[in-house]
Amino acid sequence: MTKQYYCNPLNINYRYQFNLDQRVGKLQINREAADPSLIYYNGLYYMFVSMNLSVWVSEDLVNWEAKRLPDYLPLYDYAPDVRVLGEYVYFSASKKGENCDYYRTKDIIDGPYEKIEGTFDFWDPNLFVDDDGRVYFFWGCTNDEPIWGCELDPETMKPISEKVAILDGDAFTKGYERIGEDHALFPLENDLVEKKFEAYISSQGFTKENMPQQMKLYETAIKGMFSQRPFIEGAWLTKHDNKYYMQYAFPGTQYNGYGDGVYIADSPLGPYKIAEQPIYSYKPGGFIPGAGHGSTLEDKNGNWWHAATMRISMNHNFERRVGLWPAGYDKNGQLFCNQLYGDWPILVEDGKVTNWQKPEWYPLHIGKQVSASSFEDGKEPKNAVEEDIQTWWRAKTNQSGEWLQVDLGEIMTVNAMQINFADDNLDIPVPGEIRMGTQARYIDEVDYCTQWKLEGSLDGVSYFVIEDKWDAKTDLPHDFIVKEDGLQLRYVKLTINALPYEQKAAISGLRIFGQGNGIQPLVPQYTVEKISDLDVEIHVDSSSDNTALGYNILFGNHPEKLYNSYLITEKHTQKIGALIKGEPFFVRVDAYNENGITEGNVIRVY
């Protein structure tokens, strides 16, 4: 039996973007990958993502390698969609105000790609090929229109039917479609939105009559930020047992509640009805939240997987990563995705995830003592162990040899470590020419190196090397090291040699997983307070047990289908804003620590 492990976000080179973003009026630098389109073709898995100039290739869905795509593809356009149609792979991407073309090939890496002229513009495309060979197309990414669909001629890719409205947002009855952290914001009236927009463009030195073309292209997006209406986007269609499952992303990519919902129909163009459990991919908590705008794939072994977009959004709203989780259909045909501990190590045995409900390794680093060679005010070493990708330790210098060390407090069995590098307000010249388009930017193609050494110690005096990447030629900002048999360690020390752009070392998470020496938590005691038709608040009684490091709040509309979860650390009160007005709501709170996970009791809220 072959055992492999991975840990979200996926460990691959995420390219740097130099964004000249009209919405904020300045250059912003960050890494980005988003909107994954995952397919299986000729014995390999391919994942196409926004703004990476590459396709990610894997034999096993665990180990990925980036391969550069041909320049003549629209690689600077968002949300690439890829599907297999016959012998070909078809590619398209988003563009506002211009017809979007299609491309097809039999060789994804080297091409050539044959261009098929498009006849209309679209955003967030999705091509679907039915069992009978008929081809359907879906698109949409606005807060004032639905997701659309039509049938295409499979040879010309031209529409052969009228477009049909597939689904629309409703932030007044579906809590999870509200924008904001934990879905805190309700939509505003149009007149107030117009006033906010006029004030914004005036602050940029323009009027509605003379604002630049780039700002006009983004007028809907800018108003969307002010309106607080939900952007409904990222369509992806799958078929199972003669039912069609339309997945879509609810807002918004910069918020922790970015996720994917699902509607179901008997035919590709509907009519669609909301699924019994409509929240499909949802990860608002944990080290890195977000699980929206994704794709769902049945692999070569008959297992289902879902890839989606995860959020950092510190240097730019679109500072994002990609996650991958096991998915499936239950006996009643409900599509679900397992993200219970979605950024802890995931075990894959012979191509299938086997630790579905409970991981075998637990976080050992949370709240532990941390020291460093140096640090800046507000970016102390403790930030690297608090399970929040939006905070980090930063060294005072960019010299080789700056280090960070975690003291586990006692000797423990360590099985895996994830090193998460952060970017901190980079201020460097653009290394190439900004390309104008739907968003002006330059994507850096240089293959940089991230170099470091990881050491362990029993006593803090004598150290041995766990992993040596001091001279590495790779650039992996979320590197993952597995020691399946376990190492006996008390201290874990990371020393940095070199980083892209000679920046100062910054670590958002030096995460350590394994097995502690104590007992797992007691059954958690908690209460649930309904605060609106769309919101509840969970209150955990921490006085009943002080051994828990954190809690996982599971919820759904059936006591045996608690498919959604919210992972928290140390906090004892948490709002869940993802309810559906008038629908049943069940919740269960589990406790976790270094030694295991203890399930709580299910409570029906209403």
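Is Tyr72 buried, partly exposed or exposed? The legends below treat this residue and several other sites in a predicted model.

Figure 1. Tyr72 is partly exposed, with a relative accessible area of 43%. The residue belongs to the loop between β7 (65-68) and β8 (81-85). Not counting residues up to four places away in sequence, Tyr72 touches Tyr103, Gly111, Pro112 and Tyr113. Ile580 stands 508 residues from Tyr72 in sequence, and the two C-alpha atoms are 45 Å apart in space.

**Figure 2. The protein chain as a whole, shown as a setting for the close-ups.** The protein chain contains 3 helices and 42 strands. Its radius of gyration is 24 Å, close to the 25 Å that the globule rule gives for 606 residues, so the chain is as compact as a globular protein of that length. The C-alpha trace spans about 70 × 55 × 55 Å along its principal axes. Of the 606 residues, 61% are buried. Where contacts join residues at least 6 apart in sequence, 63% of them link residues at least 24 apart. The chain exposes about 23100 Å², of which carbon and sulfur atoms supply 46%. It carries 57 positive and 89 negative side chains, and the centres of these two sets lie 2 Å apart.

**Figure 3. The largest nonpolar core and the surroundings of Trp56.** This core has 38 residues, and those with the most contacts inside it are Met47, Trp56, Trp64 and Leu324. At least two core residues come from each of β5 (44-48), β19 (273-282), β21 (304-311), β22 (320-329), β23 (335-337) and β24 (346-349). Another core, of 37 residues, lies apart from it and includes Phe138, Tyr282, Ile576 and Val589. Leaving aside neighbours within four places in sequence, the contacts of Trp56 include Met47 and Trp64. Also among its contacts are Ile12, Asn13, Tyr14, Ala33 and Val322.

**Figure 4. Helix α3 and the elements that cover it.** Helix α3 comprises residues 219-227, and its buried residues are Ala221, Ile222, Lys223, Gly224, Phe226 and Ser227. The cover over these buried residues includes α1 (190-203) and α2 (213-217). Just after α3, Gln228 adopts a positive phi of about 65°.

Figure 5. Most residues other than glycine have a negative phi, and most peptide bonds are trans. Pro9 is placed in the loop between β1 (3-6) and β2 (16-21). Pro271 occupies the loop between β18 (259-265) and β19.

**Figure 6. Positive phi at His183 and Glu502.** His183 is not a glycine, yet it has a positive phi of about 55°. It lies in the loop between β15 (164-167) and α1. His183 counts as buried because its relative accessibility is 0%. Glu502, likewise not a glycine, has a positive phi of about 55°. Its position is in the loop between β33 (478-498) and β34 (506-515). Glu502 is exposed, with a relative accessible area of 63%.

**Figure 7. The surroundings of Phe120.** Phe120 is located in the loop between β11 (114-116) and β12 (126-129). It is buried, since its relative accessible area of 17% falls under the 20% limit for that class. Not counting residues up to four places away in sequence, Phe120 touches Glu98, Asn99, Cys100, Tyr102, Phe137, Trp139 and Pro159. Phe120 and Gln439 are separated by 319 residues in sequence and by 19 Å in space, C-alpha to C-alpha.

**Figure 8. The surroundings of Asn601.** Asn601 sits in the loop between β41 (596-598) and β42 (602-604). Once residues up to four places away in sequence are set aside, Asn601 touches Val523, Tyr526, Val587 and Arg588. Gln525 is 76 residues from Asn601 in sequence, with 8.4 Å between their C-alpha atoms.

Conventions
Residues are numbered from 1 along each chain as its sequence is written. This is a predicted model: local features need pLDDT of at least 70, side-chain atom pairs count only at pLDDT 80 or more; totals for chains, interfaces and linings use all residues. Side-chain values use heavy atoms; hydrogens and water are left out. Helices (H or I, at least four residues) and strands (E, at least two) are DSSP runs, numbered from the N terminus. The radius of gyration is taken over C-alpha atoms; the globule rule is 2.2 Å times the number of residues to the power 0.38. Buried means under 20% relative accessible area, exposed over 50%, partly exposed in between (1.4 Å probe, protein chains only). Contact means heavy atoms within 4.5 Å. Accessible areas come from the Shrake-Rupley method with a 1.4 Å probe; for residues, only the protein chains shown count as cover. Lys and Arg count as positive and Asp and Glu as negative; His and the chain ends are not counted. The place of a charge is taken as NZ of Lys, CZ of Arg, CG of Asp or CD of Glu. A nonpolar core is a set of buried Ala, Val, Leu, Ile, Met, Phe, Trp, Tyr and Cys residues joined through side-chain atoms within 4.5 Å.
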